[in-house]
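Trainee: Could you take me through one part of this structure closely, the sheet and the helices that pack on it?

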Amino acid sequence: MLTRCSRTPVDLPRRACWWFSRAPTPDAVGRAHGSSFAHRGELRQAKRIVVKLGSAVVTRGDECGLALGRLASIVEQVAMLQNQGREMMIVTSGAVAFGKQRLRHEILLSQSVRQALHSGHSQLKDMSLPLLEARACAAAGQSGLMALYEAMFTQYSTCTAQVLVTNLDFHDDDKRQNLSSTLQELLRMNIVPIINTNDAVVPPPEPNSDLQGVISIKDNDSLAARLAVEMKADLLIALSDVEGLYDSPPGTDDAKFIDIFYPGDQQSITYGTKSRVGIGGMEAKVKAALWALQGGTSVVIANGTHPKVTGHVITDIVEGKKVGTFFSETKPAGLTVEQQTEMARNAGRTLASLRPDQRSEIICHLAELLTERRDDILAANQTDVELAANAGHLPPAMLSRLSLSAAKLNSLAIGLRQIATAAQDSVGRVLRRTRVAQNLELEQISVPIGVLLVIFEARPDCLPQVAALAVASGNALLLKGGKEAANTNRVLHQLAQEALSLHGVREAVQLVSTREEVEDLCRLDQLIDLIIPRGSSQLVRDIQRAAKGIPVLGHSEGICHVYVDADASVDKVIKIVRDSKCDYPAACNAMETLLIHRDVLRTPLFDQIIDMLRTERVKIHAGPQFASYLTFSPSEARSLRTEYGGLECCLEVVDSLQEAVDHIHKYGSAHTDVIVTENEDAAERFLQQLDSACVFWNASARFADGYRFGLGAEVGISTARIHARGPVGLEGLLTTKWVLRGDGHTVADFSELGSMKFLHENLPVALPPTGQRDSN
């Protein structure tokens, strides 16, 4: 065993790093060693962490030299975790590649000198590079590799120490004890040990040389596993050039990524070839990971080469995010979210093939169950409400949403029956039919989107509504509800599956009850087709940021305006402003900004508006223009782009209708905006010019609701520019496909631009001729 400590950072006194150590942060305190973490979320508790950097991670694509940018981002993450109070160790490859670069440079330089000396004589014939022996490369590269690590860690005021080991250091009890003691002392002094096999002297690995119960050091995978167990590490992160473990070689057609790997599953794995560099391979990684897991160390295998994730892969793993393959000894009793999604997709395809009256029958049966099982639902809901009230973390508005009543259940049942009626002509409806030639008909028909993921907070009434809309549109559904409504959601989901069982599609609606984080669900882009968030603006924004390649239907903010024109009716203004702000202030379609035409100021109408808002206890925040008219104004609005979500609003003055439109375009969220006026021309200009999802004339903003629009129910309100806008009901959960019916004798001829000719030949299918098929 060889050990070398790096130089002390220049901004610290000499030897300061030897005795400088910090007490760990409370979050970094690990559990007693002996059993691995059961769930990813527990990885946040990991205190002692081993990071193994594979050859493919450390080296460049040409295998000659190091990937400096990649290495720098890894060093930054390790230093950050070290500075949080964790104990970090690195098992690294790269000495051979670094040495190969140095030796090649020296050989080329030597050959250039020889070439110059022989310039006056016959030219040297052989200028090729000789084959470089790995041990020599390792000897030449070790010092340079360590110097590079030292320089990078110095930027973060972090000390490092080099430790070179061989297999003998673990088989000999005295040497193993010395190694453990050395590493313990380095960690105690807040130094990051950088460990590597001493490839300059290590003999070739012997096949099947593992001792009983002990893994031999054949490569850095086995070294990292052995070291992690010896040092009682909480977590081993093995970085390679693949995302993690697949059930067959990555890149093959049927290869499926394995999110969590359990002991005993290795028989179902087909391993491919090893990486372009190194002596291990995925089989060696799995064997080492299972050995470490058996020794009480949790393991994650992840990709350390992908440019989009390398900069945060290690910190993401420690934060418990769904990155790489997590090795766990605790197999959950239920299904994984991936298995649930697969089941939902398969059942959803059957659901889409049912007759419309069969889908309607499912929805009607669910409506009946809501009233028949009312006592069970309300009992579960009462438990949720009491738990939330005792916890004291939900505001009154959220508690109100959480609470169900017999009246709410009756309203839900009525809405579901409306959806059942609409389901009769939704899926498979012909939107367009064109005869493009004799015996050749083209149809555009409505079809389901696929698999929907609906994430909702403490509002259990959302579950039957969304389930009914999914059934009506033939979509599979994955539901993730707030934990505050866990008991109510469980009962409602059971009723939904009971209704679906009428026609054998029970699994089409799934409730995610595992420990999956919302951010992890948003990464399942191969399984989920559309995400619909139902909740606060913060929830929607978080999901929009987290979604990776999956469209999100929704709005992040509901900054709704009511504009009072100079020709507005007093009675209408008072009624509309009161309902828009005070009916349900927490709703996304509640008024947040009241725009007043300048001519309305200092009139009885303005006084009545202010008196009404004061009576309703609405706090007014003055916009800059309104404040300029007053000697003593209310508190000025911090921003004109604020969603208050309560009994507060901004009041601003505009000089004209056009200024009102411009203000809304600048500060609004394109949700719902209202004009109150008796001037028809002004109203029409407002309705035409304003680019919001919902634009109303002499109507409350609270009308922006799927139920009030006659949609039966809605999955949300969208402010997107494509697909669906405004309250999204059944129609918004459908897309289209094109169906072409031919007689088997027709092909398209695109040889002449601007015209389409159809040739009649005896061909088995109707297809464009080769070479023209990708022209569109």
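Mentor: Happy to! A contact means heavy atoms within 4.5 Å. With that in hand, residues 24 or more positions apart account for 73% of the contacts in the protein chain with a separation of 6 or more. This is a predicted model, where local features need pLDDT of at least 70, side-chain atom pairs count only at pLDDT 80 or more, and totals for chains, interfaces and linings use all residues. Residues are numbered from 1 along each chain as its sequence is written, and side-chain values use heavy atoms, leaving out hydrogens and water.

Helices (H or I, at least four residues) and strands (E, at least two) are DSSP runs numbered from the N terminus; the protein chain has 24 helices and 28 strands. Two strands pair if DSSP finds at least two bridges between them.

Now to your sheet: it is open, built from six strands in the order β20-β21-β19-β18-β22-β23, with parallel pairing. At the edges sit β20 (619–622) and β23 (694–697), each pairing on one side only. From one strand to the next, the twist averages 20°.

Strand β22 (residues 672–676) runs parallel to β23 and is joined to it by four bridges, and Val 674 stands opposite Phe 696 in β23. Helix α24 (residues 680–689) packs on the sheet here, touching β18, β22 and β23, and its direction makes about 175° with that of β23. Such angles run from 0 to 180 degrees between N-to-C directions, with axes fitted to C-alpha atoms, for helices over the stretch in contact.

Helix α21 (residues 604–615) lies across β18 (560–564), β19 (591–597), β20 and β21 (648–654), running at about 160° to β19.
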